[in-house]
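Subject: Structure for your review

Dear colleague,

I am handing over the structure below, and would be grateful if you could read the notes that follow with the coordinates open beside them.

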Amino acid sequence: MRVAALYDIHANLPALEAVLEEVRQADVDQVVIGGDVFPGPMPSETLERLLAFDRPVQFIRGNGDRAVLERMAGRESDALPAQAQESVGWVAEQLDADQRQLMETWPQTHIIEIPGLGAVLFCHATPRSDTEIFTKLTPEERLRPLFEGPDVPLVVCGHTHMQYVRTIGSVRVVNAGSVGMPFGDPGAYWLLLGPNVQLRRTTYDLTAAAERVRRTTYPQREEFAARSILQPKSEHEMLEAFAKVEVR
């Protein structure tokens, strides 16, 4: 069994299209969408593209998805920073009642038994939270309590948009990186699981993707095109930023 893990798409449809083509070529048996399909510039189209994929797709909920759901229910959310609220509101207006009903069924975690890897737990940020932040540099002693509960050898997470593998106690933890809003080199990052762990990066036409984003009415379309597609923030810059807000 081979599983593709796609995290933090953020409605970047061009990046998703490129990744799904490679996923199809890899002949996977299942796709796990690890949260934060939203917010982003092409929300409805991105969700429909995932639902139309010709392999089984399992969604889990991220903090961005939760923020959109809460806005659709008429509530302000603390799942994302204040500067993201305009984008969350715009995305909430693009989705319909059927899409909202589907999103409400997405669980916080999901476990799949993968030959060669054993039981793999998929979560967005940590097994207990969709917002907790840690990176490859966060001291292990802070993280052990977060990963002692699930009795699994491997946890796949996302949320911080940077791909890496590390060990916390007896658990191997893999960050899938981000399909649609990476930090570091441009591209679309994801995982191929089974019988081992493969860190994957898909290249795509960044200039054309940026132009597609700019043609949307997404409130942050110019910034998204420039800093999420063409020239993302560096890993060094983001490691420094996350160090100030990571788990203590």
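Two strands are taken to pair if DSSP finds at least two bridges between them. Please keep in mind throughout that this is a predicted model.

With that criterion, strand β4 (residues 109–114) and β5 pair in the antiparallel sense over six bridges, and the two form a hairpin with three residues between them. In the turn of this hairpin, Gly 116 has a positive phi of about 90 degrees. Within the pairing, Ile 111 has Leu 121 of β5 as its bridge partner. Strand β5 itself, which spans residues 118–123, is mostly covered, six of its six residues being buried. β5 also pairs with strand β6 (residues 154–157), here in the parallel sense and over three bridges, and Phe 122 stands opposite Val 156 in β6. Together with helix α6 (residues 140–147), the strands β5 and β6 make a right-handed β-α-β unit.

Strand β1 (residues 3–6) is another element with two partners. Four bridges join β1 to strand β2 (residues 30–33), and these two run parallel, with Ala 4 standing opposite Val 31 in β2. The chain crosses from β1 through α1 to β2, and this β-α-β crossover is right-handed. With strand β9 (residues 188–193), by contrast, β1 pairs in the antiparallel sense over three bridges, and the bridge partner of Ala 5 in β9 is Leu 191. As for the side chains of β1, Val 3 and Ala 5 point one way while Ala 4 and Leu 6 point the other way, and all of them are buried.

As general background, nonpolar side chains in soluble globular proteins tend to be buried together.

Phe 38 deserves a separate look. Leaving aside residues up to four places away in sequence, Phe 38 touches His 10, Pro 43, Leu 47, Gly 64, Asp 65, Val 68, Val 91, Leu 95, Met 103 and Trp 106. Phe 38 is also joined to Pro 39 by a cis peptide bond, with omega about -5 degrees, and Pro 39 lies in the loop between β2 and α2 (43–51). A cis peptide bond also joins Gly 194 and Pro 195, where omega is about 0 degrees; Pro 195 lies in the loop between β9 and β10 (197–202).

For the backbone angles, I would point you to two residues. His 10, in the loop between β1 and α1, has a positive phi of about 50 degrees although it is not a glycine, and His 10 is buried, with a relative accessible area of 6%. Asp 36, in the loop between β2 and α2, is likewise a residue other than glycine with a positive phi, near 60 degrees, and at 3% relative accessibility Asp 36 counts as buried.

Helix α7 (residues 206–214) has Ala 209, Ala 210 and Val 213 as its buried residues. These cover an arc of only 100 degrees around the axis, so they are on the same side of α7. In an α-helix, which has 3.6 residues a turn, residues three or four places apart point the same way. What covers the buried residues of α7 includes α1 (13–25) and α8 (221–230). At the start of α7, a side-chain oxygen of Asp 205 reaches to within 3.3 Å of the backbone nitrogen of Thr 207.

A last item concerns Arg 66, which lies in helix α3 (residues 63–72). Is Arg 66 buried or exposed? Arg 66 has a relative accessible area of 19% and is therefore buried, the cut-off for that class being under 20%. The C-alpha atoms of Arg 66 and Val 88 are separated by 9.9 Å, the two residues being 22 residues apart along the chain.

With kind regards

Terms used: Residues are numbered from 1 along each chain as its sequence is written. This is a predicted model: local features need pLDDT of at least 70, side-chain atom pairs count only at pLDDT 80 or more; totals for chains, interfaces and linings use all residues. Side-chain values use heavy atoms; hydrogens and water are left out. Buried means under 20% relative accessible area, exposed over 50%, partly exposed in between (1.4 Å probe, protein chains only). A crossover is right-handed if, with the strands pointing away from the viewer, the path from the first strand over the helix to the second runs clockwise. The arc is that of the directions from the helix axis to the C-beta atoms. Contact means heavy atoms within 4.5 Å. A polar contact is a pair of N or O atoms within 3.5 Å; within protein, one must be able to donate a hydrogen and the other to accept it, and residues adjacent in sequence count only if both atoms are side-chain atoms.
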